[in-house]
Amino acid sequence: MKIDAIKNGIVIDHITAGCAMQLYNMLGLDKLDCSVAIIKNVPSAKMGKKDIIKIDSNINVNLDIVSFISPDATVNIIVDGICREKRNIELPERLVNIIKCKNPRCITTTEQEIRHIFVLADRNKREYRCIYCDTKADSRKNYKLK
């Protein structure tokens with residue numbers, strides 16, 4: 001298999017194996033008019049297996065989404081075929097309008113204009129909770145972008 005190098009764009013590397021499609025969907029990469037490569041289950045000395053997403057365009061990637069789904073991922077900015085910047089991401093303290101609360105009794109399900117806000121409750125467990133009803137958000141579920 002041959003995946004060409006990109007000249008200008010973004011490489012999201014060290015994605016938790018099996019999470020690339022979820023990231024692809026949540027980041028809305030299907031709406032881009034450029035090449036996007038998803039490479040799944042790549043052998044990795046550090047992780048065992050990992051996924052990689054290559055985007056052949058310099059776009060703004062929502063790092064909160066990336067860190068929620070795969071907090072150990074790195075984001076590489078490629079300019080003229082060279083990695084000019086490597087960003088290690090970390091879990092944000094708040095997620096705003098990234099995921100929806102799954103609790104049917106939460107006020108966000110009845111009040112359409114309320115923002116969906118989750119706060120980082122436990123960094124070690126990578127656990128977020130809704131600020132309105134305290135429902136836990138699980139990054140392993142397939143969320144759709146709010």
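I began at Tyr128, which is buried at a relative accessible area of 0%. Buried means under 20% relative accessible area, exposed over 50%, partly exposed in between, with a 1.4 Å probe and protein chains only.

I noted that this is a predicted model, where local features need pLDDT of at least 70, side-chain atom pairs need 80 or more, and totals for chains, interfaces and linings use all residues. Residues are numbered from 1 along each chain, and side-chain values use heavy atoms, without hydrogens and water.

Strand β8 covers residues 127–130 and pairs with β9 in the antiparallel sense over 2 bridges. Strands are DSSP runs of E of at least two residues, helices runs of H or I of at least four, numbered from the N terminus. Two strands pair if DSSP finds at least two bridges between them. The bridge partner of Tyr128 in β9 is Ala137.

I then traced the sheet. It is open, with 4 antiparallel strands in the order β6-β7-β8-β9. β6 (94–96) and β9 (136–137) are at the edges with a single partner strand each, so one side of each has no neighbour in the sheet.

Which ring pairs with Tyr128? I found Phe68, edge-to-face, at 5.7 Å centre to centre and 70° between the planes. Rings of Phe, Tyr and Trp (its six-membered ring) pair with centres within 6.5 Å; planes under 30 degrees apart are stacked, over 60 edge-to-face, the rest tilted. Phe68 lies in helix α2 (residues 63–69), 60 residues from Tyr128. Phe68 is buried too, at 2% relative accessibility.
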